[in-house]
Amino acid sequence: MNCLWRILFAAFVFADTTIKGEPNDRPIIGILTQEIDYKLNEQYPDQYHSYIAASYVKFVEGAGARPVPIWIDGTDSYYETILSKVNGVLWPGGSTYFNQSKGYADAGAVIYRIAKNINARGEYFPIFTICLGFELLTYVAANCVEHRTTCSSHNQPLPLEFTHDFRESNLFGNAPQDVIKILSEENVTANYHRYCVTMQDLNNVNLTDEFHVLSLNHDKNDLEFISTIEHKQFPFYGLQFHPEKNLYEWVTGKNIPHGSNATIVSQYFANFFVNEARKNSHEFRTKEEEKQSLIYNYPITYTALQNSSFEQCYMFKKNDRNGLVIENEV
Ligand SMILES: *[C@@H]1O[C@H](CO)[C@@H](O)[C@H](O)[C@H]1NC(C)=O
Ligand SMILES: *[C@@H]1O[C@H](CO)[C@@H](O)[C@H](O)[C@H]1NC(C)=O
Ligand SMILES: *[C@@H]1O[C@H](CO)[C@@H](O)[C@H](O)[C@H]1NC(C)=O
Ligand SMILES: *[C@@H]1O[C@H](CO)[C@@H](O)[C@H](O)[C@H]1NC(C)=O
Ligand SMILES: *[C@@H]1O[C@H](CO)[C@@H](O)[C@H](O)[C@H]1NC(C)=O
């Protein structure tokens, strides 16, 4: 099985096409919502239940895909259904607790299990995770055993410290040399995290054989942490830093790199992810259902006007989820 997978994988890298047929040129990405942020809730008191920072939406759009929100607090059959219709899933960063019931982490655990099954039956279905999403990836892979270390990496732009075999990966295997040069030499990756996953943490939950660590970094106290990771068997990727901020967040005083090289490498990650999502042909049953599910059904708010560190956000009320068509669930 593992061997067969490796053969299929090699075919991918060289042909860069779907297992069956042509690339899907109308990819749709499911973006996992998150419990409303503490600060957003202060700025818009008790109005909203969940949100997606618009930078993640634009990240996906800017690489040629359309986003659909995936609600937290769904049933297993809701997640089964929505994953059968989208071409990949993005887990954004943020600041929620993993132990909050019916929240981001619970949804992530179910999505992870379903996405593994989809891939195991021969389809190619990516999950791309950023910052807290990256932490969630190893958390759910570890069967929800908390293993993060507290660390200090706020407003810290860093070059990646690549591991010796980082090129033997999906994420960087075909990356242009200038992208690798910029990533390894310039302070372009935007770090904002108070938890880290260290090599020791990964080892503590027995995940070193399951994941390939592609780069490391050091926080402000010189603590070494994992900054990019890829699952060895499935197209699941984690970045501890925020490529979407380089392109789409403009709050000042937080050291977000906005130079031309930072933009090039951030766009690389967006393009990479959306290209992965082009490798399956999941779709909504009807164009009407697709229209009713896209994020464009929901208003966007200019949150930076209220001094949010997010330029714009999609904020959802608890009953917004009722708009999502999910009949014929099994
Ligand atoms: C969740 O985790 C946070 C941070 O570790 C802790 O402060 C809080 O008490 C926990 N909540 C529950 C319900 O366990
Ligand atoms: C951008 O990256 C290229 C390739 O590494 C490098 O030659 C160039 O000097 C960089 N530009 C800036 C403005 O840092
Ligand atoms: C990156 O940032 C560090 C810490 O601020 C600084 O010492 C280093 O010179 C910077 N590197 C580059 C290439 O700008
Ligand atoms: C990791 O493996 C060890 C030894 O087999 C076991 O005792 C431990 O419970 C495992 N930890 C997790 C989080 O699975
Ligand atoms: C935003 O910050 C500015 C500068 O600190 C302050 O003057 C203004 O009142 C703040 N606006 C809101 C809505 O909090």
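This report covers an annotated site, a helix pair and a nonpolar core in a predicted model.

## Ground rules

Local features need pLDDT of at least 70, side-chain atom pairs count only at pLDDT 80 or more, and totals for chains, interfaces and linings use all residues. Residues are numbered from 1 along each chain as its sequence is written, while chains are lettered from A and ligands numbered from 1 in the order in which they are written.

## The annotated site

An unreviewed UniProt entry marks Cys131 and His242 as "active site". Such annotations may be inferred rather than shown by experiment, and positions follow the numbering used here, with feature names shortened.

Cys131 sits in the loop between strand 6 and helix 6. Helices (H or I, at least four residues) and strands (E, at least two) are DSSP runs, numbered from the N terminus. His242 sits in the loop between strand 12 and helix 10.

Cys131 counts as buried because it has 25 C-beta neighbours inside 10 Å. Buried takes 20 or more other C-beta atoms within 10 Å, with C-beta atoms placed from the backbone. His242 is buried too, with 25 such neighbours. Cys131 touches residues including Gly93, Tyr192 and His242 (contact: C-beta atoms, placed from the backbone, within 7 Å).

Val179, Ile182 and Leu183 in helix 8 meet Asn261, Ile264, Val265 and Tyr268 in helix 11.

The largest nonpolar core has 88 residues. Such a core is a set of buried Ala, Val, Leu, Ile, Met, Phe, Trp, Tyr and Cys residues joined through C-beta atoms within 7 Å. Its largest share, 9 residues, comes from helix 11.

How values were computed: Contact = placed C-beta atoms within 7 Å. Buried ≥ 20, exposed ≤ 12 C-beta atoms within 10 Å, placed from the backbone. Lists of a residue's contacts leave out its neighbours within four places in sequence.
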